[in-house]
Amino acid sequence: MRQVDHFLAESAGGGGGSGRTHQVWNPSTGEVQAEVALGDAALLDRAVAAARAVQPEWAATNPQKRARVMFRFKELIEANMDDLARLLSAEHGKVIDDAKGDIQRGLEVIEYACGIPQALKGEYTLGAGPGIDVYSMRVPLGIGAGITPFNFPAMIPMWMFGMAIAAGNAFILKPSERDPSVPVRLAELFRDAGAPEGLLQVVHGDKEMVDAILDHPDIAAVSFVGSSDIAHYVYKRGVAAGKRVQAMGGAKNHGIVMPDADLDQVVNDLAGAAFGSAGERCMALPVVVPVGEVTANALREKLIPAIHALRVGVSTDRDAHYGPVVTPEHKARVEGWIDTAEQEGAEVVIDGRGFSLQGHEKGFFIGPTLLDRVTTDMTSYQEEIFGPVLQIVRAQDFEEAVRLPSQHQYGNGVAIFTRNGHAAREFASRVNVGMVGINVPIPVPVAYHSFGGWKRSAFGDTNQYGTEGLKFWTKVKTVTQRWPDGGGDGSNAFIIPTMG
Ligand code: NAD
């Protein structure tokens, strides 16, 4: 059995940990393909000591030299793209092209991090008072940690460590125990790019390791992405321990379809956004909201054949639109939500339960599922399903279409499909959601903007990557300086200084 181990600095030593392991499935075959070692507080301590040893020198390395490591890392990822994508796809279950997209979107944050010398330039006011200048600089926090979900094992770690390390921090990554191999491979490539030992380490684990990270006095900041209840827990415990914490949670993104939308385009977009990656994306579009009965009926007519045409396959099948879900437990959970939706009165138009792929009967496949006449009182609407399930919620008018995503507990992403610029503008400005797409089904912001939802989709107040990411991984120091040419009568020494 292949073993996946922690990736620690040599000075941190090997071995140790909780002694427990976690099974890593191949979701396409339904077989266990590896075991990952689970760490504990003592192992984390060793990693933190190694990080502490290397961080001051890294912070003192000029930003251009830090950027050079990022450049070399970018080149190494590109050179290893095919191998990384194969490894990712084999553990996660997403198809190869989608795995490449996962890596590519992370790589874009590394490209942004290559511009760290420019991004870190501070602010300066010449002559803020007589002979007084003021300047502000962003300094690293020290040691940062990232705790990441299974669904983007390359992109989300790179969102975090790319920004944190470029800004001068050392970083400890705790990836999902369900697909741990790509994060380790990324750390190896980062070392090969010239990063000093201990700058980026990977510790595996579950709640025990997460708690150790949250409680560790030498970890200054924690970035978390995962489900909302755990995000909230991580936020509260981390903040209580005096850390800076950003914790992104779950989602239930709505796609509003106005009567004037190009329905063929919408159906095409929905096929990818609702079913791509088996719906296991926090920016998936699992709820479609047609406005008016005419739009709803026309959309449904077009959706049915498009969904029947979707090809479900093993992750290496080049013709497959999507692959299996990540674990047998997750398959059971998603199918359970379809049962619940049916019991709650939703119409199961296309039923993906009990789907079996010939030759891969043990794989964790779920057929594409379409539910109609879903209403807001149903728990299957209120909660995240995170599977290949599209729900139609019919809205009577535009106002209701704005209200639905605005009142939902999650507020990650939302999209509107229309040809009417005024309606789109009105929607984008009024909707109570963090990331909005206008005729764009998955509005994940590019690397030089930033990513973050609202409400129960994110706890803490700073987004991932871009200038927001830089803010999260640094603190501001402001210097007020005066270089007197002599003397000074000291008459104002006892009042609050003003610049007048
Ligand atoms: P998860 O919450 O199960 O796991 C996330 C991380 O938390 C993992 O590293 C895991 O080891 C750790 N963890 C698990 N149980 C824990 C516990 N009891 N205490 C402390 N830590 C624990 O999430 P997942 O299933 O890996 O990922 C899917 C979820 O992540 C979905 O809800 C999805 O919407 C969300 N997600 C959100 C975003 C976003 O940016 N908002 C992005 C991707 C995924």
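How much space lies in the largest cavity? About 80 Å³.

Some ground rules before we go on. This is a predicted model, where local features need pLDDT of at least 70 and side-chain atom pairs count only at pLDDT 80 or more, while totals for chains, interfaces and linings use all residues. Residues are numbered from 1 along each chain as its sequence is written, and side-chain values use heavy atoms, with hydrogens and water left out.

Now, the terms for spaces. We work on a 1 Å grid over the protein atoms alone. A cavity is a set of points where a 1.4 Å probe fits but cannot get out. A pocket is an open set with protein on both sides within 12 Å along at least five of seven lines. Lining residues have an atom within 4 Å of a point. Grid points are joined across faces, edges and corners, and a volume is the space filled by probe spheres set on the points.

Back to the cavities. There are 2 cavities of 30 Å³ or more. The lining of the largest cavity includes Ala251, Lys252, Asn253, Arg281, Cys282 and Phe386. By class, that lining has 6 nonpolar, 3 polar and 3 charged residues. Here Ala, Val, Leu, Ile, Met, Phe, Trp, Tyr, Cys and Pro count as nonpolar, Asp, Glu, Lys and Arg as charged, and the others, Gly among them, as polar.

The second largest cavity holds about 50 Å³ of space. Among the residues that line it are Arg105, Glu108, Met155, Trp159 and Tyr465. Its lining divides into 8 nonpolar, no polar and 2 charged residues. Helices α4 (96-113) and α6 (155-166) each supply at least two of the lining residues. The largest share, 3 residues, comes from α4. Helices (H or I, at least four residues) and strands (E, at least two) are DSSP runs, numbered from the N terminus.

Next, the largest pocket. About 850 Å³ of space lies in it. It is lined by 36 residues, and Arg178, Phe224, Gly226, Ser227 and Ile230 lie nearest its centre. They divide into 14 nonpolar, 12 polar and 10 charged. Which element gives the largest share of this lining? That is α9, with 4 residues.

On to helix pairs. Two packed helices are described by the angle between their axes and the distance between the axes. Axes are lines fitted to C-alpha atoms, for helices over the stretch in contact, and angles run from 0 to 180 degrees between N-to-C directions.

Take α4 and α6 again. They pack at an angle of about 10°, with their axes 8 Å apart. Therefore α4 and α6 are roughly parallel to each other. Angles under 35 degrees count as roughly parallel, over 145 as roughly antiparallel, 65 to 115 as roughly perpendicular and the rest as oblique. Ile103, Arg105 and Val109 are among the α4 residues in this contact, and Met155 and Trp159 are among those of α6. Contact means heavy atoms within 4.5 Å. By class, this contact has 12 nonpolar, 2 polar and 2 charged residues.

Now α10 (residues 263-275) and α11 (residues 293-308). Their angle is about 50°, and their axes lie 10 Å apart. That makes α10 oblique to α11. The crossing is right-handed. A crossing is left-handed if the near helix is turned anticlockwise from the far one by less than a right angle, and right-handed if clockwise. The contact of α10 with α11 has 10 nonpolar, no polar and 2 charged residues.

Last pair. The axes of α14 (residues 398-407) and α15 (residues 421-430) come within 10 Å and cross at roughly 30°. So α14 and α15 are roughly parallel to each other. Their crossing is right-handed.
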